[in-house]
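Please look over the sequence and the model shown here before reading on.

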Amino acid sequence: MANILDGKKLAQEIELVLKQTIESGLKVVKRSPGLAVIRVGNDPASGVYVNYKEKACDRIGVRSFPQHLKEDISMEELTEKIKILNLNENIDGILLQLPLPSHLNESLLLSGINPDKDADGLHPLNLGRLIKGEKGPRSCTPAGVMALLKRNEIKIEGKRAVVVGRSILVGKPMALMLEAANATVTIAHSKSEDLNFLTREADLLVVAAGKPHLIGENHVKENSVVVDVGIHRIPLNEDNLNESQKFKLCGDVKIFEIEDKVAAYSPVPGGVGPMTVTMLLANTVDRWQKHCGLPLTISHLLP
Ligand code: NAP
């Protein structure tokens, strides 16, 4: 029977630590941690994620500075907005919710965030720090995967890890974090030949391809560990369903095919998703401690 990597439960445990950290910090300093999540336009999936993030802030005592901006905002206007948030002393973390509308230059905008307030670790300086193995804010989703593996005592050192996907948001930082933890890492992508040959080599397989049910039984090695980062809303064509029942969530992995073959896997929902939100909170609280001159007590939660 495979071990389930329960991200929901771990996220709750970490949130409790963060809440207590904020409460004890507020005995010394006068302001709560602040997080600004920038959402541009009305992409429904982004709306759902931003909503989760704002609710999570409320639960643990992080002050939210919601920035819901119009779809046709110009580069100049958004750059200016980011500059203002950089200068706001009540804000410790800034996150630019991706994807952005196509007229905006994601890379330039991410570079405009103060690297010290970079809550998703995507500023070039922080990506450079990741490559060099230096401390700095780390991208939330791969950081959440690392925390999930650590909590479940999954051995990484010396293991063969395969990451499917090479995006700057997930795949690349994931591969670098696993390599920093002494795995031997292969990155697969849409041009890789013989995907299932590569993935079957993996003791640890992390799938972030954004393709529903890409990975099945023939892609995984017996007794391996599989982490499913993908998340998809699949519409259900049935009558008499209310709004929340009209779709089901699935990942990039056919869990029903692999669950009897592998040693452990992360479910969708309830695996990586909740951990992403929690690591965003952890990055923000860590930044707050730094900005307020408090002892850095939660560094062990971050990769
Ligand atoms: P992305 O930017 O679209 O990148 C997808 C990557 O997968 C690309 O590198 C692509 O290769 C590769 N790929 C696509 N099809 C493939 C195939 N058939 N075989 C092998 N590789 C393939 O997506 P992303 O932002 O990294 O996100 C990936 C997934 O994770 C999405 O489902 C997203 O919704 C989910 N996600 C979940 C969370 C969470 O909190 N759970 C957070 C972030 C993202 P190329 O580079 O060659 O195009």
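Predicted model: local features only at pLDDT ≥ 70, side-chain atom pairs only at ≥ 80, totals over all residues.

Residues are numbered from 1 along each chain as its sequence is written, and side-chain values use heavy atoms, with hydrogens and water left out.

**Helix packing**

Helices (H or I, at least four residues) and strands (E, at least two) are DSSP runs, numbered from the N terminus. Helix α2 covers residues 44–60 and helix α10 covers residues 272–291, and their axes come within 10 Å of each other and cross at roughly 55°. That angle makes α2 oblique to α10. Axes here are lines fitted to C-alpha atoms, for helices over the stretch in contact, and angles run from 0 to 180 degrees between N-to-C directions. Angles under 35 degrees count as roughly parallel, over 145 as roughly antiparallel, 65 to 115 as roughly perpendicular and the rest as oblique.

Where the two helices touch, with contact meaning heavy atoms within 4.5 Å, Y52, K53, A56, C57 and I60 in α2 meet V277, L280, L281 and V285 in α10. By class, the contact of α2 with α10 has 8 nonpolar, no polar and 1 charged residues. Ala, Val, Leu, Ile, Met, Phe, Trp, Tyr, Cys and Pro count as nonpolar, Asp, Glu, Lys and Arg as charged, and the others, Gly among them, as polar.

Helix α1 (residues 7–25) has an axis that comes within 9 Å of the axis of α2, and the two cross at roughly 55°. In this pair, E15, L18, K19 and I22 of α1 meet A56, R59 and I60 of α2. That contact has 4 nonpolar, no polar and 3 charged residues.

**Ligand surroundings**

The table gives polar contacts, which are pairs of N or O atoms within 3.5 Å.

| Side chain | Distance to a ligand oxygen atom |
|---|---|
| R166 | 2.7 Å |
| S167 | 2.5 Å |
| S190 | 2.6 Å |

**Backbone details**

A cis peptide bond, with omega about 0°, joins L98 and P99, and P99 is found in the loop between β5 (93–96) and α4 (106–112). The bond from V268 to P269 is cis, with omega near 0°, and P269 lies in the loop between β12 (264–265) and α10.

Notes: Polar contact = N/O pair within 3.5 Å; in protein donor to acceptor, adjacent residues only side chain to side chain.
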